[in-house]
Every structure is written in C-alpha cells, then in structure tokens.
Amino acid sequence: MRSINLPRLFASGLVGISLIAAAAAGAASLPKKGEPPLTAQTQRSGGPVDPDQANLQFDSADLSFEVLPETEQLKAVAVESFTPKAPTDKLVIDLDKNLEPSAIAIDGQKLAASAWSNPDGRLTITLPRTYAAGERVTATITYGGVPHVAVNAPWDDGVVWSKTKDGRLWFATTSEGYGCDILWPCLDFPEGEPGKVALHITVPKGLKAPSNGVFQGIDTRPDGRETWNWEIKHPNTYAIALNVAPYEVITADYKSRFGNTIPMFYWYLPGEEEQAKKLFAEFAPTLDFFESNVGPYPFGDEKVGVVETPHLGMEHQTINAYGNAYKKAPEGFDWLFQHEFSHEWFGNQVTAANWDDYWIHEGYGEYMQPAYGLWREGFARYATMMDDQRNKIVNAVPITRGRWITEEEVYEPSKGGPGGDIYYKGAWMLHTLRWLIGDKQFWDVTRLEVYGRSDPKPGNFTPRFGSTRDYEDDVRKVTGKDLDWFFDVYLRKAELPELVEARSGDKLNLFWLTPDNLPFPMPVEVLVDDKLMKVDMPDGTATIDVPAGAHVVVDPYARVLKRSRAVEDYRAGLKLKQ
Ligand SMILES: [Zn+2]
C-alpha cells in the first residue's frame with residue numbers, strides 16, 4: 001500500500017470519525033492524531049541493520065494485547081525467543097518508547113529495572129550472562145501505554161481509534177512506514193521476521209478481533225472481555241495488525257486448482273451485508289487468477305482473510321485491510337482489495353530484504369490490477385488501466401539505488417525517494433518485460449521470484465526474501481538471456497529511454513537515446529499503413545524501408561515504456577494547476 005497518489009481517494013474515506021467522536025464525548029485528555037510523538041529511531045524502518053540485531057535469529061513471538069478504548073491505551077506482554085548467531089550478553093530490540101516496559105524477565109528470571117534502557121526507541125536489555133551461539137534466549141517484556149495515533153493511516157502509521165455508525169469501537173493498526181516497533185517489540189527491518197507469532201487480543205465485550213493466521217479460539221475473562229487467539233507462521237514484520245469492531249463475518253471454502261481447500265473470511269461492519277457479499281464474491285475469481293498465473297496461494301494452510309478497516313488498506317498477511325467503502329469502478333472489480341491481495345504473493349510470500357527493492361512488492365502489486373483486467377476482459381481494459389498508470393510516472397529518482405535504505409527513503413519523494421514510481425514505473429517495466437520475453441516466460445520468471453522454485457505446490461515452499469539481483473538472475477535462468485541492459489535503464493536510471501524517429505525518403509530511421517548512452521537493444525513494433533512489423537534494434541538503432549507516402553505509427557500498442565513528451569507536458573500542466 002502507500003502511494004503518493006492515493007490520499008485524494010482517502011480524503012473522502014472514513015478516517016476522521018475518531019477525533020470527532022472523541023471531541024463530542026468531551027474526551028479532551030485522549031491522544032490526538034500524531035500523538036504521542038515518535039523518536040526518529042522509531043519512525044525509521046529498515047536501512048543498514050544494527051550488528052547486534054543482525055546477530056539475532058528471531059524464532060518466535062507470543063504477543064498479548066489488551067485494547068483499552070476508554071483511555072486509548074494498550075497493555076501488552078511479549079514473550080520472544082531469539083537464537084544468537086555469535087555469543088552475546090545483550091538483546092537489542094526496537095520498541096517505541098511510548099510503550100515503556102514495566103517488567104522484563106529473561107528465561108523466567110526477572111531483571112532489575114537497571115538491566116534495560118530505552119532512551120530513543122531502541123530497547124537494550126543486558127542479559128544476566130553471556131549466551132552462546134545457538135543458545136536460545138527468551139525475553140518476557142511487559143509493556144504498554146498510549147500508542148502513537150496515526151495522522152493519516154496507512155500513509156503514516158499508528159493506531160486508529162474510530163467508531164462505527166452506531167458509536168461502537170472500530171480500531172485498527174498499521175505499521176508499514178514506521179515499522180512494527182510502534183506496536184510490539186521487534187526487529188524493525190524486513191529480514192527481522194519472526195518464525196512464528198501467536199496473538200492474544202483482549203477486547204471489550206461484544207467486539208471481535210480478527211487477526212493474522214489461524215484462529216485458535218476465544219477465552220472469556222472473568223470481567224466479560226474476550227481474548228481472541230491466533231497463530232501465524234513467517235509473518236512480515238509490518239503484517240502484524242490488530243483489528244477490533246463489532247464485526248460480522250462471511251466465510252466459505254475455496255477449492256484450489258492445486259488440490260487444497262482454503263478457508264476464506266471477510267469481516268465487515270454490521271449493516272453492510274449486501275455490499276459485503278458482493279465484495280466476498282470477488283475473492284474466489286481473484287484467487288483463481290493469481291493461482292492460474294503466479295502459483296499457489298502462499299498461506300493456504302492458514303486462510304484468506306480480509307477485514308474492513310477505518311483506513312484505506314494494507315497487506316496484513318492473511319488479514320488484509322480493506323477500507324475502500326465498496327466503491328465501484330469501470331473495470332468491474334475492487335482495485336483496493338485486488339491490490340492488497342496481490343501482496344500475499346508480492347510482499348508476504350516474497351519479501352524484499354531491503355526496502356530499496358520494494359518495487360518487487362509495489363510494481364507487481366500495481367501491475368496485477370491491469371493484468372487482472374486483461375484476464376477478465378481482454379486487451380482494451382488492460383490498455384485503459386495501463387494508460388492511467390503511465391500518466392503518473394514521474395522519473396525523478398531511480399527505482400533502485402543499490403544501497404540499504406529505509407522505508408521513508410523509498411516512499412517519500414520529500415526524503416529523496418522514487419515514491420509512486422515504485423508502483424507505476426515498476427508496473428510499466430513489467431508490462432514491457434512481459435512483451436519482450438512473452439507471457440509464458442514472464443509468468444515463469446514471476447513464479448521463480450515468488451517461490452524460489454519453478455514447481456510450487458502447497459507444502460513445498462515457505463516465505464522467502466528476494467532482491468532485484470535475484471530477479472535479474474531469475475530472468476537469466478528462464479530466458480537464457482542477459483537483460484542487464486533492460487534493468488540498468490529502467491531500474492537504475494531516473495530518465496526513460498527515448499525512441500527517436502526520423503523519416504528520410506523511403507527510409508525510417510530509429511534510435512534509442514538513453515541516459516549516459518547506455519546500451520538499449522529494445523525491439524519495437526512499427527505499423528506501416530496496415531502492416532505491423534517487429535523491428536529488432538540490436539545496437540539500439542534500425543533503418544527500415546517505408547514507402548514515402550505511407551502512414552507510420554511506431555509502437556502502436558504501447559508495448560514499451562519510453563519517454564513521452566506529451567505525458568511530460570500533461571504532468572507539467574497538472575503541476576501548474578495546483
Ligand atoms: Zn501496495
């Protein structure tokens with residue numbers, strides 16, 4: 001999720017109710033949006049990894065949360081097991097200092113308060129002794145407080161205290177940008193995924209707490225509150241999410257083409273049954289599209305889960321957030337549901353180890369909507385949807401920069417990031433690649449990148465980490481060709497290649513003008529009167545015979561992402577209007 005072009009849609013959305021409701025209730029002491037403030041350390045997610053954290057294998061986390069709407073607080077206990085790779089006498093764990101620990105125990109032994117400190121959001125725990133490499137250590141961290149309230153989730157993060165129309169609690173969390181440490185003690189970088197997470201979410205009576213993974217039942221507490229229990233394997237760090245409301249649920253089993261049966265759930269607000277049923281009816285055909293083209297649903301032994309949220313959306317693993325208010329679109333399906341669902345493959349199954357490579361999440365995540373339009377309706381729908389994305393490409397910063405960078409250094413143009421280009425330019429690069437290598441090889445490359453193998457079946461793969469370099473290797477393996485020139489231009493340069501055309505007598509001369517004169521042997525289609533030909537340009541140039549009076553259109557099906565002065569002028573005009 002997160003895109004610089006999306007907040008316009010959000011403006012008409014549902015968030016904002018919480019503050020109004022709080023004001024109406026005269027609850028002046030409750031935290032306002034953006035409060036309490038976060039340290040720079042907590043706002044940061046990813047980037048170069050602290051060596052003490054790189055030393056830890058994160059085996060498991062058992063997370064208990066009490067959601068306390070009266071005071072807008074969280075009370076929590078995290079039991080977390082790590083195995084150090086080299087001997088260590090400390091644990092360094094990210095945790096927002098607004099959620100201060102009140103007690104910490106190591107392997108059951110309570111520590112003195114002097115054994116830990118958390119001055120800026122990086123909790124350092126001095127262990128009672130040195131732990132050997134391979135010797136598991138378990139920390140029990142009791143913590144809580146007022147969690148940061150999101151200003152504009154999911155574009156910034158935190159908790160969202162909202163209300164349903166009839167005034168009941170509607171609560172959600174997001175953490176993609178600032179990272180998992182705004183909610184629970186974690187290793188806040190993509191490779192900090194725990195092996196498994198158990199969740200125990202205690203909510204006021206009458207409310208429900210759908211969450212990640214497999215439902216483990218409800219415990220009723222003596223005071224009438226209920227604790228909802230869940231377990232998930234290999235969650236993305238920012239996937240762990242709390243969702244609380246008086247939800248109703250639709251459920252059905254999906255018979256996969258791979259032979260397994262996948263339970264599907266949609267939790268929605270009361271009073272929306274008709275709309276909810278229509279959205280739920282999209283689940284099975286969308287799943288079939290992904291399974292037919294990419295491969296098995298990655299979490300078939302857990303569930304397909306979607307929950308209605310007071311923010312637009314987020315790819316929370318097996319509990320995707322949906323807040324698109326059932327808006328209808330000419331393509332006939334809900335893009336937000338489809339986009340977040342695509343992240344189960346591109347983001348949650350294959351996770352970029354470095355935020356620098358997040359085009360793997362968002363380029364694919366964005367491309368899957370036109371690809372689904374093509375699958376459902378054919379080329380005209382695909383072309384329309386691709387064209388909409390083409391006009392949003394900025395080309396100010398390369399998509400990847402080959403170094404360890406944080407989430408905000410990717411998503412925020414104000415922090416020097418490519419922002420929306422990881423979505424739209426990423427999608428257009430994939431569109432171009434698909435034409436260049438053909439449908440079969442394109443999906444073969446995609447499958448290899450997602451699963452790390454070409455024959456994925458339920459049970460023979462687990463979530464993996466990927467990178468741009470892996471992806472280029474996958475292209476090489478599948479096509480037998482070295483396409484470095486393709487990725488060097490589209491991923492590593494800001495400017496697009498420009499196709500220069502010149503007619504002279506009965507000749508058409510074509511050549512690629514590229515940043516830094518990089519090689520770019522991209523073929524192109526040319527329509528000469530009614531005859532379509534594919535023109536190879538092995539050295540970046542071509543000359544073809546064209547009758548002097550012929551009408552010529554170069555790349556008539558817009559197969560290739562290339563510079564468009566018309567789009568540049570159009571975008572400059574939009575800027576002037578602002
Ligand atoms: Zn996304």
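How many disulfides does the structure hold? I found one disulfide, a disulfide being a pair of cysteine sulfur atoms within 2.5 Å.

Basis of the entries. I worked from a predicted model, in which local features need pLDDT of at least 70, side-chain atom pairs count only at pLDDT 80 or more, and totals for chains, interfaces and linings use all residues. Residues are numbered from 1 along each chain as its sequence is written, and side-chain values use heavy atoms, with hydrogens and water left out.

Entry on the disulfide. I looked up the partners and found Cys180 and Cys186, with sulfur atoms 2.1 Å apart. The link of Cys180 and Cys186 is right-handed, with 90 degrees about the S-S bond. Cys180 counts as buried because its relative accessible area is 0%; Cys186 is also buried, at 0% relative accessibility. Buried means under 20% relative accessible area, exposed over 50%, and partly exposed in between (1.4 Å probe, protein chains only).

Entry on Phe379. I located Phe379 in helix H9, residues 379-390; helices (H or I, at least four residues) and strands (E, at least two) are DSSP runs, numbered from the N terminus. Phe379 counts as partly exposed because its relative accessibility is 35%.

Entry on the sheet. I noted an open sheet of three strands in the order S25-S24-S27, with antiparallel pairing; two strands pair if DSSP finds at least two bridges between them. Strands S25 (531-535) and S27 (552-554) are the edge strands, each pairing on one side only. Strand S24 (residues 524-528) pairs with S27 over three bridges. Val526 stands opposite Val554 in S27.
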